[in-house]
Amino acid sequence: MKRHLIVALGVASALLATSSVPAQAETGGTSLPAPTGKYPVGLASLHLVDADRPDPWVPQDGPRQLMVSLWYPAAKAGTRAAAYVTPQESALIVKPYPNVPADTLAKTRTYATVDAKPLTRSLPLVLVSPGFSFPRATMTSLAEDLASKGYLVAAVEHTYESVATTFPDGRTTTCAACVGNNTEEKGIEVAKSRVIDLSFVLDRLTAKSGWGRLVDRSRIGVVGFSAGGNTAPQLMAADRRVRAGVNLDGSYNPKQPTGTVRGPLLMMGTKENHTPAGDVSWVNWWPKVNGWKRWLSVADTDHASFTDYAVIRPQVGLPAPALDGARAVSITRAYVGAFLDRHLRQEREPLLDKPSKDFPEVTFWP
């Protein structure tokens, strides 16, 4: 597991409001790349309480409470733009960087609206698990793009594993789980807790009422980054409803799998660490993956290049890796989208068959 570092927070090109999304006022904040699909995107925030489970990190807090961001394809764009994070969350995220104004990320330009009417059809569902200490909002660029292409995307905030989580009552929790060293044993416990979180959210989202009326229960996948990537195949092992998984730059804990790993599984990470000469956990897990699998690396990236921080870092004056941030986002969107289209929609996706001249940064292993 790698700690949340905004300094690990690519270069964004100029972003223009599109006709499908109401323009935001100029705020001086940061901005994300526009989604590339044909649908306007809506966003709903869900506050879910698991009354049967005490919080694993702060038991005195009572039942486990989770915030979930739900992006969806909309019949028509709404009029109120979605916030990226709350002012409280922004202040905590940028706290290590005194030269970055505290409210910067609260002003970030997104493309979803919060009052958009969902498409009334059966949709494939993608669960998203962010990195350890990374807020769920850091997966917005990928989530908005998937939603614009017809996916229902649910990013789960694993409470007390994020640097900042704001609840509807206004309180903001911090990362209690970040205390202490990030050992293999701790990584195992984080993954176990996240599997329970994600299965609980899946129970709620596949209920016969509410959002469950939009979910195609035969087409469910999971995408995780870092600790969330570690969790993805472990969720698939524990919950047969989840058909396909993506690990974005996440080291596996345990380092050696305890049995066969179920595919389809896409493993995609940095060229520095996630090649056969790099992360030993990927070397150990790869031969145990049973079924369809791909192992890809992306040149000139770092850990956070697979999140929104790829484009946010240079906008706030923080160092970034060699690969342009907008390019990094486009690569992640292309390969994750192709994987989900192939395994949840049964579409032919030649991008996944061999190296592409359109994406020379991407290497196929082994």
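Let's start at Asp239, which sits in the loop between helix H4 (227-238) and strand S10 (244-248). When I say helix or strand, I mean DSSP runs, H or I of at least four residues for helices and E of at least two for strands, numbered from the N terminus. Before going on: this is a predicted model, where local features need pLDDT of at least 70, side-chain atom pairs count only at pLDDT 80 or more, and totals for chains, interfaces and linings use all residues. Residues are numbered from 1 along each chain as its sequence is written, and side-chain values use heavy atoms, with hydrogens and water left out.

So, is Asp239 buried or exposed? Asp239 has a relative accessible area of 7%, so it counts as buried; that word means under 20% relative accessible area, with exposed being over 50% and partly exposed in between, using a 1.4 Å probe and protein chains only. What does Asp239 touch, apart from its neighbours within four places in sequence? Its contacts are Ser199, Leu202 and Arg262, where contact means heavy atoms within 4.5 Å.

Another loop residue is Leu318, between helix H6 (309-315) and helix H7 (325-344). Leu318 is buried too, at 14% relative accessible area. In sequence, Leu318 is 218 residues from Val100, yet in space the two are 9.1 Å apart, C-alpha to C-alpha.

Now the cysteines. A search of the whole structure turns up one disulfide, meaning a pair of cysteine sulfur atoms within 2.5 Å. The partners are Cys175 and Cys178, with an S to S distance of 2.0 Å. Their S-S torsion is about 75 degrees, so this disulfide is right-handed. Both Cys175 and Cys178 are buried.

Next, helix H2 (140-148).

On a 1 Å grid over the protein atoms alone, a cavity is a set of points where a 1.4 Å probe fits but cannot get out, while a pocket is an open set with protein on both sides within 12 Å along at least five of seven lines; lining residues have an atom within 4 Å of a point. Points are joined across faces, edges and corners, and a volume is the space filled by probe spheres set on the points.

The largest cavity holds about 70 Å³. H2 and H7 each supply at least two of its lining residues, and H7 gives the most, with four. The lining includes Met139, Phe306 and Arg333.

The largest pocket comes to about 400 Å³. Of its 24 lining residues, the closest to the centre are Ser45, Ser69, Ala83, Tyr84 and Arg136. Strand S1 (41-54), strand S2 (63-76) and H2 are the elements giving two or more residues to that lining.

Finally, the whole chain. There are seven helices and 15 strands. The radius of gyration, taken over C-alpha atoms, is 19 Å, close to the 21 Å that the globule rule gives for 366 residues, so the chain is as compact as a globular protein of that length. That rule is 2.2 Å times the number of residues to the power 0.38. And of the 366 residues, 60% count as buried.
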